[in-house]
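Work through the exercises below with the sequence and the coordinates open. Each task is followed by a solution in steps.

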Amino acid sequence: MSPSSSRPEFIHAERQFARSVLGGLLFLGLVAVTGPLLSYRSDVAEVRAWHAHRVAHEAQVYADALGLHLQSLATELRRVTKDLGPRLEVEALAAEDMSDLTTPQGLFHTGAMLLDDAGQVRWSDPPRQASSESFRNRPWFQQVLAQRAPIVDSLAPGSSSFVVAVPVERQGRLVGVLAGLLDAAEGLPGGRPVGENLELLVLNRAGDVFLPESPPRWASNPSFARTLREMLAESSMPVTLAGREVYASATPVPGTELVLVLAADESPFLAGIHARVLMQLFVIALLQVGTLVLFGFHWRRVYALFLAMEERTAQQEKMAALGGAASLIAHEVKNSLNGLKAATGLLSGQSEQGLVVRTLSGQIDRLAHLATSLLHFGRPPMPQRTPADLTQLAREVVEALRTLPEAEEVQVEVETPERLPLSCDPLLLTTALDNLVRNAMEATVAAKDLGKLSTPTVRVQVRQEAGAAVVDVEDNAGGPPVELEGRLFEPFVTSKPKGIGLGLAMTQQAVEQQGGSLTFERILGGSRFRIRLPLQEPNP
């Protein structure tokens, strides 16, 4: 199957894989989200159950504290009625000193009053201006007359003051009522919440609010009476007050006709849970997005690798076919060139034909080099390592190239140590050096012909550096075009009008087969190609 025919199948398979992965990521995302949501529901239910129990418990505590205080007030009033003496008439009761109840240090800061059985004020402290005022029709007075028991209730409908009233009896007959007055502004035990996010109300069953002094708006809503009845039937329940859901508990105040309502906002308690689940969802979403992004990068990279592999495969197939044809052609050309070389050798002894013979020999050598390049490209030889002297190899290459027609125009400088032994394939290394020096000489002559320089110069330097043998081949031809720098070592890439672009590719292949490297560097006015080879044969 050719690379071009495999591309649609690969793309289809890759898309199927991408869909499968995306479906798996979506499923994993749903599973990951389900855990925090279930945990959130469980945590909210647990917090609400704890919150409801807390509200009911605290409401009972507040109600018990307030009821105990009010009962103590009623007990004190009953004690006073017994200490008034043996006289049974209301006038006699009014004559007694009652100031110890109404002083700032007393029990009733708002005041106290003594009423007869008709509800008329017989005595009050502070004195009341309207002496003809009657309390006979007040609900609390009627309850005292009917029940003959202490009553705590609103002083008047809608009033923020409430009264603690006890009957005054003598010889089984009710002769009056002793009442102490309390105001919502007084600091009563259990009358104010001590915690945050709590609202406490004290009211009677008719809906008259005693505490606090400035009740919230929702307490005056007509629907609150129905809500109050529902709360009295439940220990604690969620209710909507002023547009927000709170937990509220209505608890009767022991020993009185009052009801204590405690409302607690659950938002502060749930804020931490809300923040935690939002953070968890954010992290999960971030991970999902990150996974998708990474998958997208991975998919693009895989596709790019496939395209590169496909291109390399096509190039290799092309190179293999071209290499086979080049080897066959080069073999036939080289056979012919060998015959021509032998013929020119016979003419070399005739002095009058010397120039023609040198010209023919140079052209034959050029064609032989081309044929050798094609043969090596088609069938790269395996390196055969033997001990060699790099200095000698470099000098032999330079001397052999001096026979080229353009060699007379080029100034070749050679700097070598006396000896530089190394383990290498002499034939491959000689071919590599020949390619580099030949290219440098041809490039400098071409630059001179174009008028870019006056003295073509090629410099060959051999040295030992950091445990390696280094050969630098420099020229002053200006260097290859910038757009070709990245492709200099690719086959059939050349800037020469008549070149085929195999020299540098073969040179790099020959050097790398021996564990070395070939690099290019642009220098001032020209180029530098550097061969670096290990002095010893690398371990396999």
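## Exercise 1: Overall make-up

Task: State what share of the contacts with a separation of 6 or more joins residues 24 or more positions apart, and describe the protein as a whole.

Solution. 
- Step 1. Of the contacts in the protein with a separation of 6 or more, 63% are between residues 24 or more positions apart.
- Step 2. The model is predicted. Its average pLDDT is 76, and 72% of the residues score at least 70.
- Step 3. The secondary structure consists of 10 helices and 17 strands.
- Step 4. The protein has 540 residues, and 40% of them are buried.

## Exercise 2: The largest nonpolar core

Task: Which elements give two or more residues to the largest nonpolar core, and which residues have the most contacts inside it?

Solution. 
- Step 1. The largest nonpolar core contains 39 residues. Leu 390, Leu 433, Met 441, Val 458, Val 471 and Ile 531 have the most contacts inside it.
- Step 2. The helices that give two or more residues to this core are helix 8 (390–401), helix 9 (426–449) and helix 10 (503–513). The strands that do so are strand 13 (421–424), strand 14 (457–465), strand 15 (468–475), strand 16 (517–523) and strand 17 (526–534).
- Step 3. Helix 9 supplies eight residues, the largest share of this core.
- Step 4. Take Ile 531 and set aside its neighbours within four places in sequence: its contacts are Ala 432, Leu 433, Leu 436, Ala 469, Val 470, Val 471, Val 511, Ser 517 and Leu 518.
- Step 5. Another core, of 34 residues, lies apart from the largest one; Val 80, Val 152, Leu 178 and Leu 198 are among its members.

## Exercise 3: A nonpolar surface patch

Task: What accessible area do Met 279, Phe 282, Val 283, Leu 286 and Leu 287 have together, and is Leu 287 buried or exposed?

Solution. 
- Step 1. The five side chains named form a nonpolar patch on the surface, with about 510 Å² of accessible area together.
- Step 2. Leu 287 lies in helix 6 (residues 267–347).
- Step 3. The threshold for exposed is over 50% relative accessible area. Leu 287 is at 55%, so it counts as exposed.

## Exercise 4: Salt bridges

Task: How far apart are the closest N and O atoms of Glu 76 and Arg 79, and which residues are linked in a network of salt bridges?

Solution. 
- Step 1. Side chains of opposite charge can pair when their charged atoms come close. The structure holds 18 salt bridges.
- Step 2. In the bridge between Glu 76 and Arg 79, the closest N and O atoms are 2.3 Å apart. The two residues are three apart in helix 1 (residues 3–82), so about one helical turn separates them.
- Step 3. Glu 76 is partly exposed at 23% relative accessible area, and Arg 79 is partly exposed at 38%.
- Step 4. Arg 402 is bridged to Glu 399 with closest N and O atoms 3.3 Å apart. Arg 402 is partly exposed at 39%, as is Glu 399 at 48%.
- Step 5. Arg 463 and Glu 465 form a salt bridge at 3.3 Å, N to O. Arg 463 is buried at 18%, whereas Glu 465 is partly exposed at 29%.
- Step 6. The network of salt bridges links Glu 415, Arg 459, Glu 474, Glu 521 and Arg 528.

Definitions and conventions
Residues numbered from 1 in each chain as written. Predicted model: local features only at pLDDT ≥ 70, side-chain atom pairs only at ≥ 80, totals over all residues. Heavy atoms only, no water. Core = buried A, V, L, I, M, F, W, Y, C linked by side-chain atoms within 4.5 Å. Buried < 20%, exposed > 50% of the residue type's maximum accessible area, 1.4 Å probe, protein only. Helix = DSSP H or I, 4+ residues; strand = E, 2+ residues; numbered from the N terminus. Contact = heavy atoms within 4.5 Å. Patch = residues over 30% accessible without salt bridge, like charges linked within 9 Å, V, L, I, M, F, W, Y side chains within 5 Å. Areas by Shrake-Rupley, 256 points an atom, 1.4 Å probe, with all protein chains shown as cover. Salt bridge = Lys/Arg side-chain N within 4 Å of Asp/Glu carboxyl O. pLDDT = per-residue confidence, 0-100.
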